[in-house]
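Good morning, and thank you for coming.

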Amino acid sequence: MQPLRRVGAAFVAAVGRLDKSLSPQDTLNRLGQHKWAPSDLIYVFQFTLATFWLFVMQVPIFIKLMIPLLYATALLIPFTSQFFLPAGPIFLYLLSFFSSKDIPMHYRPTPSVVLLPTLESVLYGANVSDILTRFTHPILDLLAWAPYGVGHYVIPFVVAAFLWLFRPKEVLHYWASAFGYMNLTGVLIQLVFPCAAPWYELIYGLTPADYTIRGSPGGLARIDKLFHSNGYTSAFSNSPLVFGAFPSLHAGSATMEALFISHFFPWTTKWVFGYASVLYWATMYLTHHYLVDVVGGSCLAVAFFFLLMPEELRGAAATAPPGGLGAASYRSKYEVYDLEEPRGRGGRGSALMRDAEAYDLEELSDRESDEEMDITFRSPVVPDGPASAVPLIKSGGGRASPVKKSHRHTASIASLIRSEERGEEGWSPIGGSFAFPPTPTRAQAQVAEDGKGARSS
């Protein structure tokens, strides 16, 4: 339940950080104060490419007008613009993908059927994808379907949600930019260098291809049969980009997701790359890509991940929680006072929990406070204990008598502040022994009182 409470706390904090203004005037004021830079030319590229695809798109004119009108409205409202402006590359990728089917036939290059299998045989010594498809089983079908047919469409939203909850907003903007431009570049490559997938070779052999051929679900047809449906058959048969084998955007997306999660949540590295590895295999097992496609998509993701990474998100700053608190400067109370971290907070999953603790929220429940009391609120007075430490001192060596094992937080704040100086003055609460100043006798005290009285008179 504690992880769910932490996620809930992070969600409340993330909502609190949102700009909730609905006034377009606020957006116009910010636009007027914006200092333009050469990097802003990317918006000119986005506008030009979007205009081209709207011109090519074969839909009624009112739909062509509604798309830019709705997007412009979303940009004018501050509450929606904080999402729609960074997501511009992703929307441009989707527009390019779905509009590509409307490009006139005489402008399209001839699809290649033999290039990819030839490259795979030359580079890897065999047609690896063909080898992986020779043995099929319903269990393997389900194992391949989970990342390829479900995870590919769901995981990007999960990654975006976790970045929004547990990392600064700049990380989410970086995700939208890298993920969007990577997929957009992949679609443009597929349009310029169209290549047939392995399912084409299995169905048609190496006969020349043309754009009258419809897409195929490949191995996903077995999933349709298993679930008594035709969802994947219908979707892939009507795919707007039939000859888009190279590069594999399934592999590219999985690689991008693994790079982001491992960079900003390092303790998940082996798990996210394990997921990516399964998806690499699934693309070939389901006859949708050759190995060279997988390598090409992964290289594309790596290139955009590092080329677009802001300098401030490199190194230790990658694990900084939201709110501008740097990862290098943020330390838990256990690190500050050099105390042992309690059980339940350590381990690989504790990093995510410490991220949520950095938010300016009250404790989630009184139960957590009861389970573990902050050391700053501990009383130095032992209940039912002696009023003085003298009875605890041995008569011989001046060392304290053994006491029961104390609480695991064995030091108070006072004992950690300038302890060396206090040790030199004759006492130290964290030293090996307690040195007390000599107690004056009654006669000495009376003499001191008489001296004070004489001086005052």
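**Overall composition**

The chain contains 21 helices and 0 strands. Please bear in mind throughout that this is a predicted model. Of the 457 residues in the chain, 37% are buried. Taking contacts with a separation of 6 or more, 78% are between residues 24 or more positions apart.

Let me begin with helix H3, residues 41-56. Its 16 residues, at 1.5 Å a residue, should span 22 Å, and the end C-alpha atoms lie 23 Å apart, which agrees. Which residues of H3 are buried? They are Gln46, Leu49, Ala50, Trp53, Leu54 and Val56. Viewed down the axis of H3, these buried residues fall within an arc of 160°, so they line one face of the helix. As a general point, an α-helix has 3.6 residues a turn, so residues three or four places apart point the same way. The cover over the buried residues of H3 includes helix H4 (61-76), helix H6 (88-99) and helix H10 (169-192). On the other side of H3, Leu41, Val44, Phe47 and Phe55 are exposed.

Just after H7, Gly125 adopts a positive phi of about 80°.

A single residue also deserves a moment. Ser81 sits in helix H5, residues 78-84. Is Ser81 buried or exposed? Its relative accessible area is 13%, and the cut-off for buried is under 20%, so Ser81 is buried. Leaving aside residues up to four places away in sequence, Ser81 touches Thr27, Ala74, Leu75 and Pro86.

Finally, consider the pair formed by helix H14 (residues 249-264) and helix H15 (residues 269-285). Their axes come within 9 Å and cross at roughly 175°. Angles over 145 degrees count as roughly antiparallel, and H14 and H15 are therefore roughly antiparallel to each other. On the H14 side, the residues making the contact include Ala251, Ala254, Ala258 and Ile261; on the H15 side, they include Val272, Phe273, Ala276 and Leu279. By class, the contact of H14 with H15 has 11 nonpolar, 5 polar and 1 charged residues.

Technical notes
Residues numbered from 1 in each chain as written. Predicted model: local features only at pLDDT ≥ 70, side-chain atom pairs only at ≥ 80, totals over all residues. Heavy atoms only, no water. Axes fitted to C-alpha atoms, helices over the stretch in contact; angles between N-to-C directions. Helix = DSSP H or I, 4+ residues; strand = E, 2+ residues; numbered from the N terminus. Parallel < 35°, antiparallel > 145°, perpendicular 65-115°, else oblique. Contact = heavy atoms within 4.5 Å. Nonpolar A, V, L, I, M, F, W, Y, C, P; charged D, E, K, R; others polar. Expected span 1.5 Å × (residues − 1). Buried < 20%, exposed > 50% of the residue type's maximum accessible area, 1.4 Å probe, protein only. Arc of directions from axis to C-beta.
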